Amino acid sequence: MAIIPCGSTWVTRCAVQPQCILRPCNNNKLSTMSYCTPSRTRFASQGSTFYSQESLNALFSSGSYNSPCQRRGTRLIVRAARDYYSVLGVSKNSSKSEIKTAYRKLARSYHPDVNKEAGAEDKFKEISNAYEVLSDDEKRSIYDKYGEAGLKGAGMGMGDFSNPFDLFESLFEGMGGMGGMGGRGSRTRSTEGEDQIYNLVLNFKEAVFGVEKEIEITRLDSCSTCDGTGAKPGTKASKCNTCGGQGQVVSSARTPLGVFQQVMTCSTCSGSGEISTPCNTCGGDGRVRKSKRISLKVPPGVDSGSRLRVRSEGNAGRRGGPPGDLFVLIEVLADPILKRDETNILYTCKVSYTDAILGTTMKVPTVDGVVDLKIPSGTQPGTTLVMAKKGVPYLNKSNMRGDQLVKVQVEIPKRLSAEERKLIEELANLSKAKAPNSMR
């Protein structure tokens with residue numbers, strides 16, 4: 001057994017690796033432990049024992065240990081520390097090679113990409129933490145002498161472990177991976193290309209009925225000199241020393257709230273994990289800017305703000321990554337006569353007061369051409385007449401169309417000729433004469 005002083009706290013370690021912390025509450029002095037199995041409570045020699053598993057169970061199952069603590073002002077806390085050797089399933093005399101073999105076997109079984117069971121990721125992290133300690137001679141020496149509490153006392157808290165996935169990938173790198181699992185390093189080397197945006201202007205009828213346009217775009221295409229690798233032909237890429245080929249670096253900062261870790265893209269290799277002599281054509285990017293003409297089919301019924309997506313016509317991806325998409329933003333020019341309200345077309349028709357009274361047939365413009373519209377007799381000012389299926393086709397449903405709504409505007413003349421005034425006055429007198437008769 002070993003006793004570790006930590007300020008006013010005493011930590012003891014025995015065969016089963018419990019941590020017994022005796023914290024005095026008064027005057028910083030250790031109280032007498034007469035209540036803790038007196039025959040086996042001695043701190044004098046390293047040959048003495050503290051508790052067996054049975055005595056620990058008896059201690060916690062009985063309530064007798066509480067009252068002395070209350071009387072003497074001392075709290076007793078016993079916590080079972082993790083046995084890293086048991087976590088990896090190895091003995092304390094195991095060599096580094098045996099520990100690494102055990103870790104690899106367990107890590108393959110509990111990696112979250114393979115094992116989808118609940119708790120597999122926590123187990124994977126525990127295995128990685130155990131290996132990180134036992135694979136380091138200094139940490140293992142501290143752990144063998146003082147247990148997990150010794151690691152904490154040496155300044156290694158629970159937040160100081162490396163990223164378990166980085167540790168895993170560093171060990172399995174060059175071994176063919178995990179049967180298709182891959183690693184984060186390999187995923188960072190190829191990136192998807194950026195999306196491109198193209199603004200397309202259409203006139204009113206093109207937007208209504210659709211149109212096929214040939215447009216010219218400028219985008220980043222894969223470099224033909226280096227085949228998109230970014231490396232000068234004839235040279236070979238080497239692993240980045242800054243990130244170890246992972247494409248990412250982890251920075252840790254200790255704060256009063258704990259240890260914070262931040263994963264960032266490696267600035268040396270720009271996330272590729274490799275360092276190479278840049279290609280003279282593309283400057284190491286693996287892509288060059290080129291112009292291309294593509295045929296674009298605009299469906300009927302689009303409007304300003306509509307967006308068309310052309311897959312794989314964006315910028316090429318880096319190092320074999322998939323290309324981005326091309327997004328075409330539609331802008332429709334206004335028509336000087338016809339107005340649009342979603343799938344309906346609006347038109348204002350001006351008729352004389354005589355035509356409104358007597359009725360008539362008028363020529364009305366539509367997107368299909370000029371059409372005859374019958375104005376019924378007695379049409380009132382502001383009346384809306386519906387021309388069915390003369391509107392805009394529904395987007396992606398070209399067999400369905402909206403209507404054209406014609407608003408009748410009756411024009412009242414401001415000036416009349418003498419003959420017109422005479423006739424209207426006669427009409428007015430006739431209307432007044434009819435009024436008394438209609439009331440009888």
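## A tour of the predicted chain

Start at Ser-312, which sits in the loop between strand E12 (307–310) and strand E13 (326–332); strands (E, at least two residues) and helices (H or I, at least four) are DSSP runs numbered from the N terminus. Its phi is near 65°, a positive value in a residue other than glycine. Ser-312 is partly exposed, with a relative accessible area of 41%; buried means under 20%, exposed over 50%, and partly exposed in between, computed with a 1.4 Å probe on protein chains only.

This is a predicted model, in which local features need pLDDT of at least 70 and side-chain atom pairs count only at pLDDT 80 or more, while totals for chains, interfaces and linings use all residues. Residues are numbered from 1 along each chain as its sequence is written, and side-chain values use heavy atoms, with hydrogens and water left out.

**Whole chain**

Colour the chain by pLDDT, the predictor's confidence in each residue, from 0 to 100. The mean is 74, and 71% of the residues reach 70 or more. Select residues 1–80: pLDDT stays under 50 there, and the model has 120 contacts beyond four places in sequence for this stretch, a contact being heavy atoms within 4.5 Å. Residues 173–188 also stay under 50, with 32 contacts beyond four places in sequence.

Now show the secondary structure: the chain has 12 helices and 21 strands. Of its 440 residues, 35% count as buried. Among contacts with a separation of 6 or more, 63% are between residues 24 or more positions apart.

Select residues 96–110, helix H4. Its 15 residues should span 21 Å at 1.5 Å a residue, and the end C-alpha atoms are 21 Å apart, which agrees; the expected span is 1.5 Å times one less than the number of residues. Ile-99, Ala-102, Tyr-103 and Ala-107 are buried in H4. Looking down the axis, the buried residues fall within an arc of 130°, so they line one face of the helix; the arc is that of the directions from the helix axis to the C-beta atoms. Ser-97, Thr-101 and Lys-105 are exposed on the other side of H4.

Move to helix H5, residues 120–134. Here too 15 residues should span 21 Å, and the end C-alpha atoms are 21 Å apart. The buried residues of H5 include Phe-124, Ile-127, Tyr-131 and Leu-134.

**The largest pocket**

Helix H9 (184–189) and strand E10 (274–275) are the elements that give two or more residues to the lining.

Select Lys-389, in the loop between strand E18 (384–387) and strand E19 (393–394). Lys-389 has a positive phi of about 55° although it is not a glycine, and is exposed, with a relative accessible area of 62%.

End at Glu-411, in strand E21 (residues 404–411). At 41% relative accessibility, Glu-411 counts as partly exposed. Leaving aside residues up to four places away in sequence, Glu-411 touches Lys-350, Val-351, Ser-352 and Tyr-353. The C-alpha atom of Asp-355, 56 residues away along the chain, is separated from that of Glu-411 by 9.7 Å.
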